[in-house]
Amino acid sequence: MRLRAVILASAACAAVPAAAKTSVVTAARMLDVEKGALLANPVVVVTDGRIAAIATRGDAPAATPADAERIDLGDVTLVPGLIDMHVHLTSNARYGGYSSLQFTDSFWIAQGVGNAERTLRAGFTTVRNVGSDGYGDVGIKQAIDGGWVQGPRIVPAAHALGASGGHCDQTYLPPSFKAVSPAVGDTPDELRKRVREQRKYGAEVIKVCATGGVFSRNTEPGVQQLREDELRAVAEEAHFWKLKTAAHAHGAEGIRAAIRAGIDTIEHVSFIDDEGIRLAKERGTWLGFDVYNTDYTLAEGEKNGVLPENIAKERAVGTLQRENFRKAARAGARMIYSTDAGVYPHGDNARQFAVMVRFGLTPAEAIRSATWNAAQALGREKDVGAIATGRFGDMVAVRGNPLADVTVLERPVAVVKGGERVD
C-alpha cells in the first residue's frame, strides 16, 4: 500500500505543470536578418526558453505575466544569437605542432569547457563542432545542456571521418606509436560503419575529410583523399539517419566530388573553381570559407609551435582562398559562417565578419551567413537563426548599427540565451 501511495502521489505531482518562466527583453533596435532591416523599440517575450511574442514598446502583449523577468538592455541593437558552423572547442591555438603532446588526453576536454564559455560570451549561442577526439564535444554539450557549465548550443560531430593517412587521421607520430584515428575508413562500407558509430555515441552531424589539409603532416590541401563513391556513402548513410554532413575540402577536385556526392556543406573551399561554384549553386550546397584565421596563423603560429611546413601551406592557401571567396560571393553562392575556431583563439569568432565584408559580402549578407543561412544549413531553422516567434530566445546586444559597421559584433555588451542573460 505504501508503494501504491507513493506512485499515486508522484503521479499527482507530475500532473501539475511547473509554472512557465517568462522574461521580457527590450532594446532600442532589433535586426530582422531575413529583410536586413532594423526595427525600433522591440519587446521580445520569451517563455520557457522560446520566443512567445514580439511587439514594440508601448504595445507589449497583454498576456505577459506581471512577474516576468525584465531585461532592459537600453540603447543597443538586438541581433539573433550568432552561429559558427565550424569550431573545434577541444583545440587550442596556443599549442600547435608537437607542443600539444605535453598534456594528458583529458586536458583537451577540460580546457574545452572554458572555450565553450568564451564562445558564448562572444555572442555565439550555437556552434557546430566539426571534429573532436574522444567524443569531447558530445561530453561538453551534455554538461551545458544539463546546466553544469555555460556554453552555446552545440551540434557535435564527434570524430571526423577520413582516409588512412589522410588529414583526419593521426599523422604526426611514427609507426611505433601505432596512432590511428578511430574514424578512418578506406572503403564505402567502412565509412558507412564509421557514420553509424559516430551517431551511436552522440554525433548530430557527420564531418568527413575529402582532401588534404594545412595542419596535418604528409598531406597536401589540394589533393583529394576520398573517392566520390566513398563520399557518397558517407552522405547517403548520414542522410539515412537524418543527419547533415560537412566536408573538409580545399582542392577543386575534392570540392566537386563532395558536392556531387551530396555533402551538405563544404568547409574551407580554398581552391574552388568556376565549375565547383556552378555545382554548388545548382545543388544548393552551402560554402563555408574560413577567411579570418590566416591572419592569426601567419602572425602567431610560429611562436605557438606550428611547424614551418604548416605555416607555408597556410600562406599558400590563404590568399587564393580569399580571392575565391570573392568570386563565389559575386556569383551568389550560398554562404555560411565557418571560422575554424581553435586554429585561432576561441572567443574571437566575430573577427571574421569584417574579412567577409572586405572580400565581397555586404554587412547584411555576412550577418545572415551566421544566422538565417546557418540555421537552414543545420536544418534547425525552427530553433535558431532569427529573433522570431517559436525560436529559442537567443540574442546578442551590440552598440550602434551592425549594418553600417559589422565590427560592432566583435564587442557584444550582452548575450541572452533561451531568455536568460548570460553572466
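Two strands are taken to pair if DSSP finds at least two bridges between them; strands (E, at least two residues) and helices (H or I, at least four residues) are DSSP runs, numbered from the N terminus. The model is predicted, so that local features need pLDDT of at least 70 and side-chain atom pairs count only at pLDDT 80 or more, while totals for chains, interfaces and linings use all residues. Residues are numbered from 1 along each chain as its sequence is written, and side-chain values use heavy atoms, with hydrogens and water left out.

**The mixed sheet**

Six strands form an open sheet with mixed pairing, in the order S3-S2-S7-S16-S17-S18. Strand S3 (37-40) and strand S18 (420-421) are at its edges; each has a single partner strand, so one side of each lacks a neighbour in the sheet.

| Strand pair | Sense | Bridges |
|---|---|---|
| S2 (residues 29-32) and S3 | antiparallel | 4 bridges |
| S7 (residues 77-80) and S16 | antiparallel | 4 bridges |
| S16 and S17 (residues 414-417) | antiparallel | 3 bridges |

Within these pairs, Asp32 stands opposite Ala37 in S3. Ala397 of S16 is the bridge partner of Leu78, and Ala397 also stands opposite Ala414 in S17. In a regular strand the side chains alternate between the two faces of the sheet. Strand S16 (residues 395-398) has Met395 and Ala397 pointing one way and Val396 and Val398 the other way; all are buried, a term for a relative accessible area under 20%, with exposed over 50% and partly exposed in between (1.4 Å probe, protein chains only).

**The parallel sheet and the disulfide**

A further open sheet has 5 strands in the order S11-S12-S13-S14-S15, with parallel pairing. Its edges are S11 and strand S15 (334-335), each with a single partner strand, so one side of each is left without a neighbour. S11 is joined to strand S12 (residues 244-249) by 5 bridges in the parallel sense, and Ile206 stands opposite Thr245 in S12.

The structure holds 1 disulfide, defined as a pair of cysteine sulfur atoms within 2.5 Å. This disulfide joins Cys168 to Cys209, with S to S 1.8 Å. Cys168 lies in the loop between strand S10 (153-156) and helix H4 (188-200), and Cys209 in strand S11 (residues 205-209), so the pair ties together parts that are 41 residues apart in sequence. Cys168 is buried, at a relative accessible area of 13%; Cys209 is buried too, at 1%.

**The aromatic rings**

Rings of Phe, Tyr and Trp (its six-membered ring) pair if their centres lie within 6.5 Å; planes under 30 degrees apart count as stacked, over 60 as edge-to-face and the rest as tilted. By this rule there are 13 aromatic pairs. One of them, Phe103 with Phe107, is stacked, at 3.9 Å centre to centre and 10 degrees between the planes. Phe103 is partly exposed, with a relative accessible area of 21%, and Phe107 is partly exposed, at 22%. Ring pairs link Tyr95, Phe103, Phe107 and Trp108 into a cluster.
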